[in-house]
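Hi,

Here is the structure I promised to pass on.

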Amino acid sequence: MRIATWNVNSIRARTDRVEAWLDRSDADVLAIQETKAKDESFPFAVFERLGYDVAHFGLSQWNGVAIASRVGLEDVQRTFPGQPAFGKPGQEPVQEARAIGATCGGVRIWSLYVPNGRGLDDPHMAYKLEWLKVLREDVRGWLTEDPRLPLALVGDWNVAPEDGDVWDIDFFRRNGMTHVSAPEREAFAAFLDEAGLSDVARPYTQGEKDYTYWDYTQLRFPKNEGMRIDFQLCSPALAERVTGAFYDREERKGKGASDHLPVVVDYRD
């Protein structure tokens with residue numbers, strides 16, 4: 001089974017590119033983030049024409065997640081249990097469309113768009129850390145109940161867990177930027193150290209400056225000033241089935257590209 005994850009940064013703006021990529025990639029499952037679409041405006045027909053069933057969760061023109069599968073799509077779940085909502089002080093918290101789960105070909109897959117954090121002292125940072133904490137606790141519960149569960153948490157994590165996962169760690173620290181702070185990295189590491197998941201693409205994608213995201217500004221992509229923030233984290237039962245992985249850098253090139261590329265992992269049956 002080939003599973004891919006891709007933050008497309010607006011599905012309606014990039015429908016043609018996603019369709020062409022699916023046609024040539026041989027992906028069995030594509031987890032999508034940042035669709036920026038409500039359910040009623042998602043291009044279901046395009047995926048169905050290619051033989052994919054689709055589950056989408058979108059509430060506004062922001063966020064939005066989906067799973068497209070040609071190997072079955074069962075037990076669809078919008079949000080994980082206890083998923084935090086966001087509300088500024090004095091405002092009613094609002095649930096955001098950032099997580100959707102489904103069972104595809106016997107694998108439990110979650111398409112995740114982790115909150116950005118925005119700033120080290122921004123209310124969104126506390127929201128991000130709580131969001132990750134609750135998800136981690138859920139994962140530990142799922143794997144305690146079924147240690148052999150084939151589970152994949154895939155998507156845009158908005159965390160660069162190691163210094164080499166950003167183009168210039170000194171630049172990030174000097175400017176007090178998010179994604180590399182100790183609390184964010186600790187929250188990410190807990191999925192590996194406490195929940196027992198594995199970053200299954202890393203052994204296959206350890207080239208110098210091997211990134212998954214480049215900002216559109218300041219010629220970041222031509223200068224390869226990127227970040228590694230998109231991941232497939234898998235349970236032990238699924239990690240042992242990995243046969244290969246790659247980043248499709250071609251999809252960050254050309255007119256109308258997303259600022260992220262697809263992260264692709266192959267699993268044996």
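**What turned up**

Aspartate 156 sits in strand E8 (residues 151-156); strands (E, at least two residues) and helices (H or I, at least four) are DSSP runs, numbered from the N terminus. Before you read on: this is a predicted model, where local features need pLDDT of at least 70 and side-chain atom pairs count only at pLDDT 80 or more, while totals for chains, interfaces and linings use all residues. Numbering runs from 1 along each chain as its sequence is written, and side-chain values use heavy atoms, with hydrogens and water left out.

The UniProt annotation "active site", from an unreviewed entry, covers Tyr113, Asp156 and His260 (such annotations may be inferred rather than shown by experiment). These residues span 148 residues in sequence, yet no two of their C-alpha atoms are more than 12.5 Å apart, so they gather at one spot.

Then there's lysine 36, in the loop between strand E2 (29-33) and helix H2 (44-49). Its side chain makes a polar contact with the side chain of asparagine 9 at 2.7 Å (a pair of N or O atoms within 3.5 Å, one able to donate a hydrogen and the other to accept it; residues adjacent in sequence count only if both atoms are side-chain atoms). Leaving out residues up to four places away in sequence, lysine 36 touches Asn9, Ser10, Arg12, Ser60, Gln61, Trp62 and Asn63 (contact means heavy atoms within 4.5 Å).

Cheers
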